[in-house]
Amino acid sequence: MQKKLTTKHILTLFFTLVISESFGHDLKHVEPPFWWADFNHKELQLLVHGENISQLEPKISYKGVEIKKVHKVDNPNYLFLDLLLKKNKPKKFTINFYKDKKIILKHDYEILKRKKGAENKETISGRDVIYLITPDRYANGDEENDEVKSLLEKHNRGNKDGRHGGDIQGIINNLDYIEEMGFTQIWSMPLLENAMDNYSYHGYAITDHYNIDARYGSNQLYRQLSREANEHNIGIIMDVVLNHIGSNHPWMSDLPSSDWVHHQGEFSPTTHRREALHDIHGVEADKKAFSNGWFVPTMPDLNQQNPYLATYLIQNAIWWVEYAQLSGIRVDTYSYSDKAFLTRWTKALTTQYPDLNIVGEEWTTNPVITSYWQAGSNPADGYQSYLPSVMDFPLQQALVNALKNEESWGSGLIELYEILASDALYGDPYNLVTFTDNHDMSRIFTQLDENYALWDMAMTYLLTSRGIPQVFYGTEILMANPGTDDHGIIRTDFPGGWAHHDQNAVTQKGLSSLQKKAQNRMRSLLNFRRQHPGAVSGEYLHYVPEAGIYVYFRLNKQGTPVMMGLLNKNTAVTEVELGRFAPQLKQIKQLTRLKDNKTVAATAATLSVPAQSASVWLLQ
Ligand code: CA
């Protein structure tokens with residue numbers, strides 16, 4: 001049937017004619033794709049990418065938004081527009097691109113209204129426990145998105161390094177389980193598009209900073225995850241990558257400027273010698289070789305000294321916090337980015353969101369280096385950081401050493417004690433993110449030679465010591481990587497996440513009795529934290545380990561001890577004399593053991609402690 005020509009058709013025809021006159025020009029990207037009113041800063045910089053776009057003159061007729069400055073760069077296909085949101089109100093308007101007083105291109109832009117309370121949203125704190133998920137390997141909630149036509153790498157569960165089909169819907173489906181276990185934050189490895197040829201499932205080779213990878217879902221689904229997680233009292237932490245991009249990022253086929261990535265886009269590896277940044281004897285060349293080198297040929301290293309790129313990365317992070325109502329950010333390979341830029345980036349984020357917790361990854365066991373990046377640490381060179389938290393790699397290594405190494409003057413539990421004794425270096429040791437393992441290292445059950453008693457001690461310590469604990473998915477059912485430290489094996493599919501699995505971690509179907517025991521123990525520890533938030537977030541006191549026993553206390557705000565933790569590495573039941581702990585115990589009446597509610601008077605002379613065990617006592 002012949003359709004009547006409507007106004008819409010006439011308009012479409014008109015714009016088609018306009019576009020046909022725009023030969024030689026087009027618009028590929030305008031980023032950020034939209035923005036919000038009522039931020040405390042009124043500046044916004046748009047990256048505009050399109051063929052020969054720099055030959056056109058952008059204009060906005062709406063008086064509430066002014067183009068303060070138009071920046072041209074080496075590449076004529078880019079423009080950077082400094083906008084001033086004078087009215088700072090929600091509004092749709094059009095950016096017209098002119099040539100010889102004729103409109104060649106048009107782009108509709110929108111300033112949205114911010115969600116109420118977005119500024120002071122609850123963030124990650126010492127009361128939380130973070131659940132780290134590898135999204136491709138956690139649960140396949142939507143088989144329809146396992147393969148996406150436009151994305152090169154296809155579904156291949158037979159390949160340990162391939163895409164297995166896990167997605168955001170899978171995480172949503174498991175929210176009941178995650179909440180019931182007692183986790184209160186989800187940190188997923190990056191979910192942004194990784195349109196790489198292969199080995200893309202890890203997510204750290206980003207090819208689009210404003211879109212969720214279609215194999216995980218969509219931006220809307222990510223926002224739904226955040227909303228539904230919030231209904232389960234769970235926050236969402238985004239994994240942000242500032243240091244590098246994926247080599248298939250559109251920037252790489254049309255670089256805005258030659259200094260956008262280091263080494264003019266050619267692979268030159270980083271030395272990974274982060275010490276050079278902190279070394280008072282160090283030379284400039286070594287610092288550069290660390291910061292400016294690439295990780296791998298498929299991950300070009302970004303040069304955040306380029307001011308447009310720096311602004312792009314700052315706005316991008318703010319955009320996601322606002323869009324997905326994030327409760328926190330984890331920054332990948334933190335120290336590899338430019339130091340001055342990191343100051344700017346953390347300051348911008350924490351100025352906009354004063355309560356937002358952000359944790360940087362700095363993989364070193366030297367607390368002099370990890371502490372350097374945390375706000376308030378006051379390092380010797382006066383470096384200013386606004387980063388609230390760092391990953392506590394030193395504690396991770398010390399805890400494993402403490403449990404595995406033989407007790408001697410310099411080894412065993414003393415290694416844990418010594419690391420904690422270095423906490424004075426940190427601006428805020430209580431805000432460090434602590435963990436026993438993560439997605440980049442052997443699973444803790446493997447690190448502890450599949451010794452359940454040691455696993456129990458590690459988990460009990462992690463969940464009752466200072467800091468914000470993070471648990472890698474599957475740790476609760478003793479997932480392991482025996483005989484290999486291959487990342488693909490470490491990040492094995494979570495049992496029950498795929499339809500055909502004969503094991504299911506959520507229903508406990510097919511789990512061994514030891515796995516069930518571990519899961520119940522984890523749940524009980526997490527519940528203890530939930531019921532006694534004061535017992536796990538207050539001041540930490542500890543005693544020098546003696547004869548294979550390490551004792552620590554948590555105090556409440558009034559300074560009264562509320563919890564006592566005790567690690568016993570001895571292979572026999574040990575009678576621990578309590579007299580040494582009188583300064584704490586004289587303030588209370590009785591001790592109640594978490595495991596079985598056994599009570600002991602605080603005046604008792606000794607405490608009988610099972611062999612190779614961790615025990616937690618509530619003090620009243
Ligand atoms: Ca899927």
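1. Glu546 and Arg580 pair through their side chains in a salt bridge (3.4 Å, N to O); the term covers a side-chain nitrogen of Lys or Arg within 4 Å of a carboxyl oxygen of Asp or Glu. This links distant parts of the chain, 34 residues apart: Glu546 sits in the loop between β19 (540-542) and β20 (549-555), Arg580 in the loop between β22 (574-577) and α18 (582-585). Helices (H or I, at least four residues) and strands (E, at least two) are DSSP runs, numbered from the N terminus.

2. This is a predicted model, where local features need pLDDT of at least 70, side-chain atom pairs count only at pLDDT 80 or more, and totals for chains, interfaces and linings use all residues. Residues are numbered from 1 along each chain as its sequence is written, and side-chain values use heavy atoms, with hydrogens and water left out.

3. The average pLDDT (the predictor's confidence in each residue, from 0 to 100) is 95, and 96% of the residues score at least 70. Residues 14-21 fall below 50.

4. The salt bridge count is 22. One of them joins Arg523 to Glu180 (2.7 Å, N to O). Arg523 is in helix α16 (residues 513-531) and Glu180 in helix α4 (residues 175-181), so the pair ties together parts 343 residues apart in sequence.

5. Arg523 is buried at 17% relative accessibility; Glu180, at 39%, is partly exposed. Buried means under 20% relative accessible area, exposed over 50%, partly exposed in between (1.4 Å probe, protein chains only).

6. Asp596 and Arg593 also form a salt bridge (2.8 Å, N to O). Arg593 is buried at 13%, while Asp596 is partly exposed at 43%.

Note on methods: Contact means heavy atoms within 4.5 Å.
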